[in-house]
Amino acid sequence: MAGDGDAGRELILVADDDEDILNLVCFRLEQAGWEVARAADGAEAAAIANERRPALCVFDVQMPEMTGYQVVEKMRADDGLKETPVILLTASVQERDMAKGFEVGADDYMRKPFDPNELLSRIEALLRRR
Amino acid sequence: MYYTVTVRETFDPIAAKTRRQRAQIAVIIIVLFAAILVLRLSLADPQASVGLLYGLPVSIAALYFRTRIAVASAVLAVGLVGVAALDGKTEAWTLLLAAVFIPYALMANLVADRMRRVATTSHEAEVNLAELIETVRESYVRVDVRGRIVDLNEDAEELFGWARDEALGIHFADAMLAAEPADELRRNIALVLAGEPAPWFRQWHDEIEARRRNGDPLTVEFLVAPLREGSGWRFNIFIFDISERARTWQEHARMAAIVQFSADAIFSYNLHGKVTSWNYGAERLYGYTAEEMIGNSISMIVPPDRPTDIEWILSRIRNGNRIEDFETMRTTKRGRLVDVALTASPVRDQNGDIVEAALVARDVSERKRQDRYRQGQHSATRVLAEAADPAEVIGELLAILGDSVGWPCGAIWYRDGEDTRLRCVDIWTRPGVDSPSCPFERGTALDLDGPPPPELIWDHPADEGSPIPGATVTAEAGLQTVLWVPVTIEGTTLGAVELMTRRRLERDEPMIMMTSAVSSLLTELMRRRHAESEAERLKDEFFGMVSHEMRTPLTSIIGYAELLADFEGENLSEQGRGFLGVIERNARREMRLVGDLLALVRIEAGTFSVEPESIELTEVARQAADAAAPRAEQQKVTLTASLEPLGVNSGDPHRLGQVFDNLLSNAIKFTPDGGRVDLRVARQDGAAIVEVSDSGIGIPEAEQKRLFDRLYRASSATDRHIPGLGLGLTIVRAIVEAHGGTVSVESIEGEGTTFRVELPLRPPPSKPTSEPGAQPSTVEATL
């Protein structure tokens, strides 16, 4: 379904405060062969990103402690995480939320509910472009 | 005694104007000389008679040709006396002759002189000479050594109001003169009697105060000529009544004074624009004194932007036209502009030629100022009324206010969050060379001791304790008066508009009224705007939250249903997989409904927008048709798609997908079993044409217009109990219009309906969107 031969070795950080959705996304990514790290809020996501240096991140926007935007901003200020691709997942339909995502340095965004196949293809596209 | 009579009669030829009077005088003289001749012939002295005969025609000529001959007559008389003396025959008659001629000549000469003086003075006084001569009467009084009147003529009677009979014998000086000239007369008579020179006599004295019998004052000019008569002296007094002339002068002086000290500016200039007169009012209005202006060009007071003003006035004046209330502007000595209304009239010389323009200028600055205030207020109101957000036009308002009050600069201050700090967000300086620039600049921050003043202030920043923020800086820049107009909403001062000028001005109430009117309007609109945007923000926040809260569980439902189908599908029965499909389908319906409601909220709020990306419209249409196919099949409706490739264009794939979805689902919904729905996408005149036609129930013509209204549902739909919210077409129209396109409908009830969308084909946005973003989301395109 997804992932090339290298996919299994690369770490993808997923953060969402909704546990069901977190599990859903992680399950899909694991099924596709990626190694996955989980975070239940923004602060945790930032800490894991700093510690484990993932190849790519998938963040929900509206999270407690730190929003997805804030985590991206923090990562962009860190030389080691400046280039790490980030996809924002949002349930919001507000255009300005999308615009803000790109402003703070996200590489892509997807609206919820997302098509899992599309998410996987976007992840692969971003990693290829690296 | 009869000599006196003779003298008087012969003296008076000037007053004797009629031919009859002159003839009478001539007869008297001839008789006189004839008498002398007879007397002389009887003495038998031929030499003397030659002189006599010679003198006769000269005397007559003197009468007729008046005064020019008088001097010759005097010379002749002296000559005769001289000839007689040389002959040693000095006789009484020769002396008599001399006695007759010398005073005659003297007086005639004086009269001639007087006439010349009158003419000259009249000319100088610009009084009509003919009129003055008409009014001039010469009176004559003769007094003896004690000052008693021994004779007077009719003019004198008339002048003083004394009848001759009454006047004779009374004391002239006491009765007819004021104290001072009376004393002079007595003193000089005494000098004459003492044999000393009397300097007061034999010259004209101006403005001697005299009085009439009834006590009325008289102003006269007079001359006293002492005349020795036999053993005694007589004093001939010639009197001119100058009361009339004095009155004329007075009138003239009064007029001049009125003009000179009029508050209106009255001045004149010649046809070359050179100033010829300049009154006090003009000095006051323009600041230049008469000395500075007279002889100089009037263009000194004409602003440089009105170079043709004077030429225009002069061209009208040259044609003899008057100009009334010509409104223009002039520059004062101090460089200030004043609004004036000019009235100009041509001035003609004695030949009737136009030589000058006489002008009256009224200062209409005050009225103009009020006009400008009113216009300023109108402009400000209009700008505010047309502005979407009053905060955005504050800069424009500042310029309007500054222009209308004629102040040179201003600044806009916003309160910088902290209570005691103001930040300058904009400045304004009136265009013009002289305008001092605003002492602040964009970004200037002022730290205050307390919150900024919440009320309107008119103040002089140089004064100690001025409440104006930044007063020291303002005063140092030479700006003496400040008008501070704060914008205070619900007790909080958000900022202020500040106007400054170099002059120190006292409170100008009309200006304050105007600015506070504008400021209240601004405040009111800002307050309203503030409240609206607050409501807007809350609404947005609420719907954002609703969206998020509703979509998040749906995301899980759909996600897990898909997960189940993908990973556990093989373990489910056919029926179980069917049930899973129902869950997923309905969750997606719910999801779309939430999306529609949110879209509707934004359409209502006017904040609906689209996100253009690079898209292929045909591809979007194909996906929508694919998605609609199962539903069509289910309803036994034939769905066809005729899609002309249009290449890559600009558009919001998600939103345009929604247009196709809504139109197709409507068409399928309203088409009975066995009917057909056709989707067509084609290019036409640089636009994309999308048509969705069905063979459905149709829409009554009367309702077609309302079809795109929010929540409107056609009667043909409600009558048949076909479900729906009536949102779809409203959203279709909003999306199409946001792309610059149009949507229309054609329908015949019972036969079918065609929706037609025209979308301009725009080149894709230059900024490349992210690679995967080019693919439209299939989520909402799936039914």
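Predicted model: local features only at pLDDT ≥ 70, side-chain atom pairs only at ≥ 80, totals over all residues.
Let's start with the geometry. Helix H15 of chain B covers residues 365–386, and at 1.5 Å a residue its 22 residues should span 32 Å; the end C-alpha atoms are 31 Å apart, which agrees.

The buried residues in H15(B) are Tyr373(B), Gly376(B), Ala380(B) and Leu384(B). Looking down the axis of H15(B), these buried residues fall within an arc of 65°, so they line one face of the helix. Exposed residues sit on the other side of H15(B): His378(B), Arg382(B), Ala385(B) and Glu386(B).

## What covers H15

The pairing with H18(B) can be described in detail. The axes of H15(B) and H18(B) are 10 Å apart and meet at an angle of about 5°. Because angles under 35 degrees count as roughly parallel, H15(B) is roughly parallel to H18(B).

On the H15(B) side, the residues in this contact include Tyr373(B), Gly376(B), Ala380(B) and Leu384(B), while those from H18(B) include Met514(B), Val518(B), Leu521(B) and Leu525(B). By class, the contact of H15(B) with H18(B) has 11 nonpolar residues, four polar ones and no charged ones.

Helix H21 of chain B runs over residues 653–669.

How many residues of H21(B) are buried? The count is 16 of its 17, so this helix is mostly covered.

Conventions: Residues numbered from 1 in each chain as written. Chains lettered and ligands numbered in written order. Helix = DSSP H or I, 4+ residues; strand = E, 2+ residues; numbered from the N terminus. Expected span 1.5 Å × (residues − 1). Buried ≥ 20, exposed ≤ 12 C-beta atoms within 10 Å, placed from the backbone. Arc of directions from axis to C-beta. Axes fitted to C-alpha atoms, helices over the stretch in contact; angles between N-to-C directions. Parallel < 35°, antiparallel > 145°, perpendicular 65-115°, else oblique. Contact = placed C-beta atoms within 7 Å. Nonpolar A, V, L, I, M, F, W, Y, C, P; charged D, E, K, R; others polar.
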